[in-house]
Amino acid sequence: MNEILYIVVPCYNEEAVLPETARRLREKLEALIGAGTVSPDSRVLFVNDGSKDKTWEIITRLHGECSLFSGADLSRNRGHQNALLAGLMTAKDRCDMAISMDADLQDDIDAVDAMVAQFQAGCDIVYGVRSSRKKDTFFKRFTAEAFYRLMHFMGAETVFNHADYRLLSRRALEGLAQFREVNLFLRGIVPMIGYTSTVVEYERGERFAGESKYPLKKMLSFAMEGITSLSVKPIRYITLLGFLIFLVSLLMLVYSVVRWARGATILGWASVICSVWAIGGLVLLSLGVIGEYIGKIYLETKGRPRFLLREVLEDTHGKAD
C-alpha cells in the first residue's frame with residue numbers, strides 16, 4: 001500500500017495567495033496519487049494561525065469542495081513556528097510522511113517529487129535547500145547569509161539556506177513530539193532528531209501575492225530566538241569578554257599609575273576611569289544576555305501549551321496503525 005502524505009501549510013493572513021496555492025497543491029497531490037506514488041488518503045493540511053482576514057473561510061470552503069484539503073484552526077495567533085508544529089502534530093498520527101512548506105508559493109512545489117523519492121529510498125528527513133540566491137537583492141542576500149553564519153557562529157546548528165521546507169517521516173515526527181520546549185526554533189530542533197537525512201535543492205521563486213512575514217526586524221528577532229533556544233555560547237562569550245576586558249583593565253591600570261607618577265592626573269582619576277571603563281559596558285551587556293536566558297527559563301517552567309486547536313477539518317479515511 002502506498003504511504004500517506006500530508007502537506008502542512010501554515011497560514012497567516014494569506015487570503016490573497018491561498019486560492020492559487022490550493023490549486024497548485026491539488027494538482028501536485030492528484031498527480032502523485034494518479035501515479036501511485038502516494039496514497040489516495042493523502043491530504044493538504046492548511047493551518048490557520050489566527051488570521052485576521054478571510055483565510056479560515058477560504059480553508060473551510062476548500063475543504064467542502066475537495067476532500068484532499070483539510071484544515072486546523074488555532075485558537076489565536078501563535079506565530080509561524082507554533083502553527084507549523086501544530087500542523088505537524090495534527091498530521092503525525094494520520095500520515096506516513098509530512099512535508100511542511102509556506103503558503104506564499106516561493107518554495108518549488110515540484111521539489112515534492114524528489115522529497116518523496118528520497119523518503120521511499122529510506123530517508124526520514126529531507127531538507128529543501130535553496131540552490132542559489134541570484135534572484136535576491138544584494139541586501140536580502142547579504143542579510144540572509146549573515147543570518148545563517150551568525151547562527152552557526154553562536155552555536156545554533158542549522159542547515160545552510162534551509163528554511164522550513166522539509167519532509168519528515170512518521171518516525172521523525174514522533175521524535176519531534178518528544179521535544180517539549182516552549183521556545184521553538186524548528187530549523188535547529190529538527191537536525192537534533194537524527195535519523196537518516198538528505199538534501200533536495202530547488203530554486204526559490206518570488207512571492208505570488210501578499211507581503212513577506214519576515215522583514216529585517218523579525219529576522220533579527222528570529223535569530224535571537226534560535227541562538228538563545230539552542231546554544232549557551234553567548235554566555236561563554238561573555239566569560240571570554242570579561243577575561244579580555246580584565247586584561248585591558250590591567251594595562252589601563254599600569255598606564256594610569258605611570259600618568260599619576262608623572263603628575264599628569266588629578267587625585268582619584270586613575271581608579272575611577274579604570275572602574276568605569278572596564279566594568280560598566282560589560283555589566284550592561286552581561287545583564288542583557290543573561291536576561292534573555294532567564295526569560296526563556298521563566299517561560300519554559302510555566303509549561304504553557306504551545307498551541308490550542310479550535311477546530312480540525314478532515315475526512316475520515318480510516319488508516320490503520
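Trainee: Which residue in β6 stands opposite A98?

Mentor: Strands pair if DSSP finds at least two bridges between them, and strands (E, at least two residues) and helices (H or I, at least four) are DSSP runs numbered from the N terminus. Here A98 stands opposite L168 in β6, and β4 (97–100) pairs with β6 (162–169) in the antiparallel sense over 4 bridges. This is a predicted model, in which local features need pLDDT of at least 70 and side-chain atom pairs pLDDT 80 or more, whereas totals for chains, interfaces and linings use all residues. Residues are numbered from 1 along each chain as its sequence is written, and side-chain values use heavy atoms, without hydrogens and water.

Trainee: Which helix lies across β4, β5 and β6, and how does it run relative to β6?

Mentor: Angles, from 0 to 180 degrees, are taken between N-to-C directions of lines fitted to C-alpha atoms, for helices over the stretch in contact, and contact means heavy atoms within 4.5 Å. Helix α6 (170–177) lies across those strands at about 115 degrees to β6.

Trainee: Which residues of α2 are buried?

Mentor: Buried means under 20% relative accessible area and exposed over 50%, with partly exposed in between (1.4 Å probe, protein chains only). In α2 (55–65), T55, W56, I58, I59, L62 and H63 are buried. They lie on the same side of α2 because they cover an arc of only 160 degrees, taken from the directions from the helix axis to the C-beta atoms. On the other side, E57, G64 and E65 are exposed. The cover over the buried residues includes β1, α1, β2, β3 and β8.
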